[in-house]
Amino acid sequence: AEWRGDAIRRRFLDFYAARGHKILPSSSLVPDDPTVFLTIAGMLQFKPIFLGKEPRRVPCATTSQKCIRTNDIENVGRTSRHQTFFEMLGNFSFGDYFKKDAIKWAWELTTKEYGLPPERLWISVFEDDDEAFSIWLNEVGVPKERIKRMGEDDNFWTSGATGPCGPCSEMYYDFHPERGSLNADLNDDSRFIEFYNLVFMQYNKNDDGSLEPLKQKNIDTGMGLERMARILQNVPNNYETDLIFPIIEKAASMALVSYSTADEAMRTNLKVIGDHMRAVVYLISDGVIPSNIGRGYVVRRLIRRVVRTGRLIGMRGDGHGNSDGAFLPLLAETVISLSSEIDPDVESRRKSILGELQREELRFVQTLGRGEKLLDELLDEALVSAGDDGDKPCLSGKDVFLLYDTYGFPVEITAEIASERGVTVDMKGFDIEMENQRKQSQAAHNVIKLSVGNETEIVKSIPDTEFLGYESLFATAVVKG
Ligand code: ATP
Ligand code: MG
Ligand code: MG
Ligand code: MG
């Protein structure tokens with residue numbers, strides 16, 4: 001049988017509902033938590049319960065959570081398994097069941113419901129978690145050569161710099177069992193894919209990094225819906241599942257190209273468009289409006305990358321013969337048409353989402369033309385002057401800042417265009433320019449205004465992400481493993 005994405009999601013929720021879990025809706029991409037920038041995992045809406053700050057309303061719950069991970073932005077289209085926007089299926093225990101049930105149910109769901117062959121499944125556990133190792137080995141019956149002990153980076157999960165955390169155990173699918181178990185590396189993207197992470201959440205990480213045991217032992221899990229779809233639909237990457245591919249096909253048809261005959265570079269561009277379009281539609285739907293600070297800058301950067309990528313592959317106009325029109329709203333229509341099971345509210349916000357995208361695209365295109373011309377000239381100069389004195393061609397921090405500040409070029413886009421011509425960019429110099437500007441306008445940035453749903457909320461302690469510099473800009477989501 002064909003496993004459509006919607007059916008995979010449904011089966012997960014039903015499986016845990018039949019085992020006493022309450023099915024709850026996804027929470028917003030904008031967390032109700034000033035220490036977290038965007039919703040990066042299903043556990044966020046339950047954080048106060050895990051920390052004992054709020055009473056549990058049910059012993060256990062299950063959700064399909066919309067997530068954004070900006071730390072994976074560079075992976076989009078490059079690895080087969082990362083998007084910035086994805087759905088995380090999860091089952092959660094609030095001091096109810098713990099390791100043994102979590103492991104047994106994960107195995108039952110994976111092998112009996114989804115029907116994955118047991119011999120294709122590999123397991124990781126935290127290096128000193130003998131209990132989890134023994135449950136997998138003795139009670140589930142996974143051969144010991146397919147259970148790997150891994151260190152903190154992979155198998156100790158934290159939701160941020162502070163907060164609930166614990167050792168975890170992950171399930172991997174093996175696409176190439178013929179390669180044998182000798183020297184098998186679970187991080188090898190060409191052979192394995194991690195699809196389910198079981199976190200044994202039993203600590204709170206304090207400001208000083210120390211771990212304090214929580215009152216209760218909890219379970220927090222995450223299964224990537226697109227990853228399971230990719231396995232069950234037998235396609236080479238998450239992007240070719242029914243959850244994303246229609247957007248790619250739409251983009252391809254608007255660019256008058258075909259995905260199936262396209263080369264790798266073109267395919268990567270189409271994947272970037274497919275991913276980023278989902279991210280921006282759901283972010284705007286959750287009240288994040290393009291701007292130059294905080295979350296708004298994430299949306300702006302994603303939108304601008306889609307516009308630039310789209311133009312690069314030949315997309316122009318609004319698809320109705322209006323060559324000056326915006327093409328994002330058309331792509332967004334496809335995203336919205338796939339949204340009903342992901343988030344039923346998106347459809348009702350259609351008009352404002354399309355309007356926001358149209359405005360932002362046209363605004364960007366206006367400056368893009370001038371900026372591209374200038375960037376071209378600056379790159380020519382950099383190449384010539386590097387040739388003169390044998391240095392590596394490099395764009396100065398001042399130039400990058402000028403493009404950013406005056407022409408609205410996100411630094412990452414400048415860097416991307418520059419690298420296409422073999423020129424690096426001086427990020428340190430850029431950071432210095434940014435810091436100078438920041439000092440001048442600090443007062444204006446103490447408060448970030450965000451409209452969340454119908455309410456307007458003032459978030460005071462959100463980091464000034466625009467100004468933390470290139471390296472830290474999108475590393476706000478601290479996710480180990
Ligand atoms: P990876 O090691 O592949 O980057 P992760 O260990 O960072 O994944 P977790 O934090 O454990 O991921 O999240 C739980 C699950 O969510 C993962 O097992 C995976 O199925 C899914 N997931 C995580 N990041 C992404 C992403 N960028 N795109 C799609 N699915 C993801
Ligand atoms: Mg993981
Ligand atoms: Mg991992
Ligand atoms: Mg990751």
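Analyst: The axes of helix α7 (residues 245–254) and helix α8 (residues 264–285) come within 9 Å of each other and cross at roughly 120 degrees, where axes are lines fitted to C-alpha atoms, for helices over the stretch in contact, and angles run from 0 to 180 degrees between N-to-C directions. Helices (H or I, at least four residues) and strands (E, at least two) are DSSP runs, numbered from the N terminus. The model is predicted, with local features needing pLDDT of at least 70 and side-chain atom pairs counting only at pLDDT 80 or more, while totals for chains, interfaces and linings use all residues. Residues are numbered from 1 along each chain as its sequence is written, and chains are lettered from A and ligands numbered from 1 in the order in which they are written.

User: Why are α7 and α8 called oblique to each other?

Analyst: Angles under 35 degrees count as roughly parallel, over 145 as roughly antiparallel, 65 to 115 as roughly perpendicular and the rest as oblique. The crossing of α7 and α8 is at roughly 120 degrees, and the pair is therefore oblique.

User: Which residues make that contact, and how are they divided by class?

Analyst: Ile247, Ile248, Ala251 and Ala252 of α7 meet Leu270, Lys271, Ile273, Gly274, Met277 and Arg278 of α8, contact being taken as C-beta atoms, placed from the backbone, that lie within 7 Å. By class, this contact has seven nonpolar, one polar and two charged residues, where Ala, Val, Leu, Ile, Met, Phe, Trp, Tyr, Cys and Pro count as nonpolar, Asp, Glu, Lys and Arg as charged, and the others, Gly among them, as polar.

User: What makes α8 and α10 roughly perpendicular?

Analyst: The axes of α8 and helix α10 (residues 328–337) come within 10 Å and cross at roughly 75 degrees, and the two helices are therefore roughly perpendicular to each other. Their contact is made by Ile273, Met277, Arg278 and Val281 of α8 with Leu331, Ala332, Val335 and Ile336 of α10, and by class it has seven nonpolar, no polar and one charged residues.

User: How many residues surround ligand 1, and which element gives the most to its shell?

Analyst: Ligand 1 is surrounded by 18 residues, the closest being His82, Phe86, Asn197, Gly222 and Gly224; a residue is near a molecule if its C-beta atom, placed from the backbone, lies within 6 Å of it. Strand β8 (192–205) is among the elements that give two or more residues to this shell, and β8 gives the most, with four residues.

Definitions and conventions:
Contact = placed C-beta atoms within 7 Å.
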